[in-house]
Every structure is written in C-alpha cells, then in structure tokens.
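Subject: Structure handover

Hello,

Here is the structure I promised to pass on. Please have a look at it before reading my notes.

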Amino acid sequence: MEIFVNGAPRQLADDLADPALPLLWALRDLLGLTGTKFGCGVGACGACTVHLDGEAARSCVVPIGAVRGRRVVTIEALGSAEAPHPLQRAWLAHQVPQCGYCQSGLLMAAAALLAKNRRPTDAEIDAAIDNVCRCGTYPRLRAAIRSAA
Amino acid sequence: MKRRGLLVSGLGAGGALVVGWGLMPARERIGAVDALPVEAGEVGLNGWIKIGADGTVMLAMNRSEMGQGTHTALAMLVAEELDVALARVRLVRAGADRLYGNVATMVTGFPFYHPRETEPGHETTAAKAGQWVVAKIARELGINVTGGSSSVVDGWDVLRLAAATARARLIGAASIAWKQPAGELVVVDGVVSHPAGSSAHYGELARMAAATPTGDVRLKRREDWRLIGTAAPRIDAAAKCDGSARFGIDVRLPGLLYAAIRHCPMLGGSPGAVDVAPALALAGVERVVRLGPYGGSTAALAVVGRTWWHAQRGAAALRVEWQQRPAGGLNSDAVMAHLEERARTASSAGGGFAFHSRGDLARADAAAAQHVEQTYRAPYLAHATMEPINCTARVAGGKVEVWAPTQVPGLARAIAAEVAGVAEDAVTVHVTYLGGGFGRRLDVDFVGQAVRIAVETGGRPVQLIWSREEDLGHDFYRPAGVTILRAGLGADGLPQTLRITSAGDAITPRWIERGIPALAGPVDTPDKTTSEGLFDQIYAIPHQRIAHVATLSGVPVGYWRSVGHSHNAFFVESFIDELAHAAGRDPVDYRLALLADAPRHAAVLRLAAERAGWPGQGRSRPLAPGRVRGVALHECFGSIVAQVVEASIEGGRPRVHRVVCAADIGTVVNPGIVAQQIEGAVMFALSAALHGRIDIAGGVVRQINFPSYPVVRLAEAPLVETHLIDSTRSPGGVGEIGTPPLAPAFANALFALTGKRLRELPLRL
C-alpha cells in the first residue's frame, strides 16, 4: 500500500499494511516518523494529531485504508530548521514545552486552526484546541497561538 | 542482599568513615575522572566534567528530564562556573557510579524533623546528627533518583564546585604554559586569554589541565553571576517543537519488535488458563509471554508483534481466565470506610504514630473557648503521564541493554539484571526523555517486564508499550486518605490546640519493597510522606499532636507529584480557613496572626495577597461579579508557596479563572523555568481538584482512559501569575511546590461564594 506523507509517496510493507492499521502506527512503526505520539488510542487526547488534507486529524483512530489518495502532514514537515512554522517560533519565544510529549499534537492542532482562522478569538482557540497536556502548558500555548495569529 | 550488606557495613564502620567524610562537603562528591568514561579527543577533569577537543564542556547528566527543566538548570550551574555559554555545555550519560546518587532526597526524606529543627543556622543537634548519618548512608548507597524536587538542591554545591574546580585547573594550565599569574587570566566563553596576547580555548588546555594541580578553588560570588538568576531558554525546547526529541517510546533499533500487555484486570490477580491460539493466528503477531509480578506489578500477558498495533490486537484476542487475588477483590469504598474507622478510633484514643507533639493538650483543650472538629477525605489518583508507560530492552550475548524513560536508572539496572539473570555490570541503562514522570517512573515494574519479554525474542530488541487503559488501570496510585482535625480556640479566636489524626497507606515502605527489596525491613518504619504537610504545619499553635495511622489496603500506592502534601495541604489549609471563619476573622489576617515568628512565610502570604488585590492587603482590587477569592499557604520541599485563587460557579460547575502565586524558593536559578513549573503544578492540582478520582470495585479500576479520568484542558485552564521572593538562601525545591496549595485555595474560595465547606476531593458542589 502507498500513502502520501509529507509531500512524498511512501510504501508500506504489504504484509503489515492492514487497511484497519491506524495511521499513527503506520507513521511510527513502519515509517519511523516518531514525532507523532501515542497518548490514548481512542482519539481523546490529541497527542497523535496530524494534518489530513490540511485538517487536524487524530491519527490513532484514522485507519490507513481511509488515507489513500489523501495528503498526510506530520510534525516533521510542519516547518524546517531554516524556515520554522510561525507557531514553532512562537512556541520557543513563549517557552511552551515542558516534558514536550504532547507538543507535536498541540502544534499540529494549532497550525490547522490558524490555517482556517487567521485571527481566532480566545473562545475559538479554547474550542479548537482540546488536546491533553499533563504538564499544564496551557497558558503559554494560548499566548503563543495569539502571538502567531 | 548486596545492598543491605553495604548499608550495614557503612554503619558498622561509622567511626572510620566519620573521620574521612566530615560533614559531607561537596568536594567529596566531585569524584575522580574514572567515573566518567572519555572518548577519543576528550579529557576528563573530574567525575562530572570532561572537555572536548573543540572546547565543548561535557557534563555527566545524572538526572532525568521529565519536563521540570532540570537539564537546563543543572547545565546553567556548570556554564556559570566555567564561564561558557549555555550552548557550549553538552550533556552526556552519567553511568551507574555511586557518585551520581541523590543525597538530598534521602536527607530531606528520612529523618522526620520539623522544618524549624533544620532551619539553616538554627539546626538542632539532633537534626544535624540525623541528617549527617543519612547523608553518609545516601552517599554510600548512591541511589540515583530524580524526584522529591531535589535535583537542583542536590546539585547546587556539587556541580558548581565540580565546574569551578575544572576551571581552576584549566586556568592553572594556561598560567603554567604562558608563565603568567593565574589572577591575570580572563575567560570569555571558554577561551582563556592574557592581556599580553596569549589565548587558548578549553579544548587546547584540557590535556595539560588534567595534569595540573587544582590549587585554590573559589565559587563565583553571587554578584558576578551572569547566567544563574536569568530566564535562560530551555536547552530541550527546540527538539520538543519539531518532533525530534526522543522519548522512550521513540527508541528505534534494527530488528525492533513491539510488545503490548494485558495485566489481570483485577489488581493483584493473575492469569489462569490462557488460550493463545486466537492471538497467534493473527498476522504480525509473533509470540505470547507470561509475565509474573515484576517490581510490584500485577501479573500479565504480553504479546509480541511487528508493530505495536499488531501486538495490541493480539493481546485483545487472548482468551484468559483471570484469577482474583487470594485475599479477594479490592474495593475503594471499603478502603475509605476502613480508613475512616481507623482514623476515628485513633483520634479518640490518641493513637497512631505521633510525628509531632508538643505542649499539654488535655489542659489546653479544657481551657479552650470553642472547639472545631472536621473530617476530610481524598481519593486514589492516577499519574496519567502523557507518554504511556514503556521500555525497550535487548538481551543478547550475556548483555542487557535497556532504554527507559525512568526516574531511577540504578533500580532499572538492578531489576533488569535480576530478571535476565546477569550481573548488574552486564546491564547498560540509557535514560531517554520522559514524557512526564510525576512519580510514576520512580517504579521499574515495566523495566522488569520488558527485559523478561526480551529474554524470549532471540536477541532481537523489543519495545513494550502499555495502552492508556493498562496505565490507568495498573498504576501505583496516590493513596486515599481520611483525616480528622480538631482545634481548640482561645478567647481571641486563635487556635491553642491542634490534633490531627490521619489514616492511609504508607508509600515509602511499599516502594522500597518493590524497587529496593534488599533494604526492606521486617516491619514498616514510620513514613514521613504520610504526614508531611501535617506534622510540620507552619502555624504557631502551642499544643499539638499530629499522628498518622499507616494502613495496608493492598492497593498499589506510589509517589504522586508532591506526595503527602498533595492531600495534606488540602486538609490543613481548608481547616485553618474554617478556624478563621469560626473566629470571624479575615483568612489572610488570621494566618498572619499565626505567623508572627515565621517572617518568611508571612512575607510569601503577603506578597500573594497584595498581588491578588486581597482586601486590606495593599491596594485591593474589585473582582468581576460572581467571582470570589480563596487563599492557601504551604511549605514543602524546602520552599514556601502561597496561592490566591479567583473562582466562580459557571453553569453549575466550579471554575478557577486566575491563580496568583508567590513563592520563596531560596536562590532562583532560572525564574522562567520556576514560573513554568508553578503553572504546570497548578494545572496538575486543578485536574485533581475538579475531576481526579480512581475507584476500584472487585479489584478493577473504573477509570481507564481520558474520557472517564478527565483532566484539565485549555478551556478550563486559568491564568497563572508567579511572583518570587528575592533570596540568597540555597535553592529549595521547585517541581512539586505549586501543587499543594491549589485545592485548598479553590475550596476556600468556593466556601466564600456558597457558604458550603467542601471537605472531600474532588470538589463537588
């Protein structure tokens, strides 16, 4: 099976590419893209958030059978060392991460929000970003999103 | 039994060791170069510092980074004394040498002295002696623990002195080479120069420095610091914004297999008959491994697969006849009822272990004008670290390699050796970034499991990952507790007597049984964590008895961010608020009246109250309609924190809008990280105050994923302000100190709003 990840077609080993395999595990265990994290397995925490045709999607509950022909973007391609995404700059300016585990998912969720809504209100940010961060980086990430908006 | 042997011989040889060790000065912990292996081009200068050929300063990093910022803070201490930019410090793996043990966490944890007995400059002889003995034992044991908010406390003198010593030798080398007095040499970002023109970077001087005597070493004067005290950006932040930071779960090795796990759903139970055929029939499933109880875990079955999803699907397909533990299924309701009965009996009979008593309670109680007695309760809680529990292991050729997000690499090494049947020096532990720890990763059950599975995989590495359901269902939980508080107030409304009787399981004896079995004694010694925050409560009350009844519920219990303080602060600071109201006094004024002899505590409370606009404290600020304030003050981990919470009820549910924190943490190494930690601790505590409870019925935990174990998300997150007292004392703890005051400050606000006193967590209107 072939899926389209970060701008390139990627082959998945046929014997493991069960159409029910969640995208999260295809990314992590078959393609070695470990920036996307496992948190709950039921789409409840957002640690596994990626972009699917530009929309935020929780990859732990998206089977690869539903990804064929669609564009997947992960944290590894949100920006680059030379040209980081404005949110990545804002994240550093506000020193958001603590343990850092949920930050990929948060950045992807926030980037999808800003792509649709250039100037979200606080209420719109709160409604759109419902990822879990156990370190409690919420006040800083809210400020970072506002500064990048 | 090796560890116990060490301990006993250390004590037995006390007299001889006393002479050599003095009062455990930091210089005894700088260590020799052989503790820190060097690679080609590198030169070791002591047990902590080596220098690369390009002048890079390499620091042996013994503490785990789990979000608390300790890698940055400890690197700052070294960069400061060596006069290099923070970016020039590279962290390298600290090995298993006892040098890298944590002395501070044992010294503050084991002899339970009242903080006033250990106040710097005013220590009692008994406290000094007790701490000295524990420091010696801790040094001898060398247990490497990242916990107890102790990393900077422990590293403060040692790392600065190790770096200053290295610097003195580098300067000494330049002085000899250039025949110039050391006092005329200057260092700028690792380049030593003399006004006459000579110049060389550390890499060029290192080899000669290693052969140069240390000479006089002086730590920098506080006024010369250029890095300590600044909000330097975290050294781990960039990798945590682009997906490149490597957590335990991200370890990738050639031929890596993945393992999923199913514990017996009943805590302490085990698998009986197992039909593995449905699992092995699935594509991508390789094998099934039976796992006994490792490091205190419940027995389990693991399924090995080619991706974690395949393994997990196999685990779900196993048909197992689970067996209840022999003593019968655990029930949290029954535990709570038992705790209440034990607390009540002990309270009326003066029972339990008295961690603190003073004065003449019977006489003072008889003279009291008014008595207040209340019972408070707290539930079991899970840690729910964002990174699910995981460990990667490879067992091949008589060697074991472990990659683990752990707070205790030495204990991980010990259990790996035991499970694989090899000597400890055949085991290498690589500590990865931790996706949260909060105390959960002080246990090594998952390391034992991963190594056991790796024994079966023919030399191929295997990565064990627990699902979130397994994590929440098989944690080492924050113990439940019931506490009865009773005070007698004088005619002025101030308490003359205070009796506190708490009941709940002790953590430390259970943790030692699981993680360091050789140190477990035949009977439990009193565990300070049960009563911390109660026996050392901060207010001047002349007659006190603070006791705890240690129970054995059978529920696996562990250390949870701020440990005993996490619920004890709720009990005592809510109760003090009750007393203030019973006396008809303002809660801030009332507390200040009890802090006449505690100027540091009073200053912290005043600062929080002023910044929050508390009426009567500086410039009071009106609140938005429907909002109220509540206050709490607490001392823990060597630091003092006050919080003023601004709360309301929205849609019938309690809500926190703003939290103003003031803290005296002694010397501040990095105020940016301190603010981060306090914000995070507030959110952690708010999750517990609003939502947190683990219920157990028939041995099965009821809350097994985020929908049923809710935590605070962005929409519920308050604004947090942090104000720090300027101090020149040695640093106190940071990572846990923001957690304890939140629940009582919140509950006190809700009382001010509704007149209803909430005496049980989580807070329900």
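Predicted model: local features only at pLDDT ≥ 70, side-chain atom pairs only at ≥ 80, totals over all residues.

Residues are numbered from 1 along each chain as its sequence is written, and chains are lettered from A and ligands numbered from 1 in the order in which they are written.

**Chain A overall**

Chain A has 149 residues and a radius of gyration of 15 Å, which agrees with the value near 15 Å for a compact globule of that length. That radius is taken over C-alpha atoms, and the globule rule is 2.2 Å times the number of residues to the power 0.38. Along the principal axes, the C-alpha atoms fill a box of roughly 45 × 30 × 25 Å. Buried residues account for 56% of the chain. (Buried means 20 or more other C-beta atoms within 10 Å of the residue's own, exposed means 12 or fewer, and partly exposed is in between; C-beta atoms are placed from the backbone.)

Two residues are in contact if their C-beta atoms, placed from the backbone, lie within 7 Å.

**Fold of chain A**

Chain A has five helices and five strands. Their order from the N terminus is β-β-α-β-β-β-α-α-α-α. Helices (H or I, at least four residues) and strands (E, at least two) are DSSP runs, numbered from the N terminus.

The five strands form an open sheet with mixed pairing, in the order β2-β1-β5-β3-β4. Strands pair if DSSP finds at least two bridges between them. β2 (8-11) and β4 of chain A are the edge strands, each with a single partner, so one side of each has no neighbour in the sheet. From one strand to the next, the twist averages 40 degrees. β1 (residues 2-5) and β2 of chain A are antiparallel, with four bridges. V5(A) has A8(A), in β2(A), as its bridge partner.

Helix α3 (residues 103-116) of chain A packs on this sheet and touches β3 and β4 of chain A. Its direction makes about 35 degrees with that of β3(A). (Axes are lines fitted to C-alpha atoms, for helices over the stretch in contact; angles run from 0 to 180 degrees between N-to-C directions.)

**Domains of chain A**

Domain 1 spans 2-77 and domain 2 spans 86-148. The bounds come from an automatic or database domain assignment. The C-alpha centres of the two domains are 21 Å apart.

**Chain A against chain B**

Here 53 residues of chain B are in contact with 44 of chain A. α9 (308-317), α20 (671-690) and β27 (719-724) of chain B each supply at least two residues to the chain B side. α20(B) gives the most, with seven. By class, that side has 28 nonpolar, 14 polar and 11 charged residues. (Ala, Val, Leu, Ile, Met, Phe, Trp, Tyr, Cys and Pro count as nonpolar, Asp, Glu, Lys and Arg as charged, and the others, Gly among them, as polar.)

**Domains of chain B**

The assignment gives domain 1 (20-102 + 142-240), domain 2 (248-326 + 389-465) and domain 3 (333-381 + 477-754). The C-alpha centres of domains 1 and 2 of chain B lie 37 Å apart. Between them, 11 residues of domain 1 are in contact with 14 of domain 2.

Best wishes
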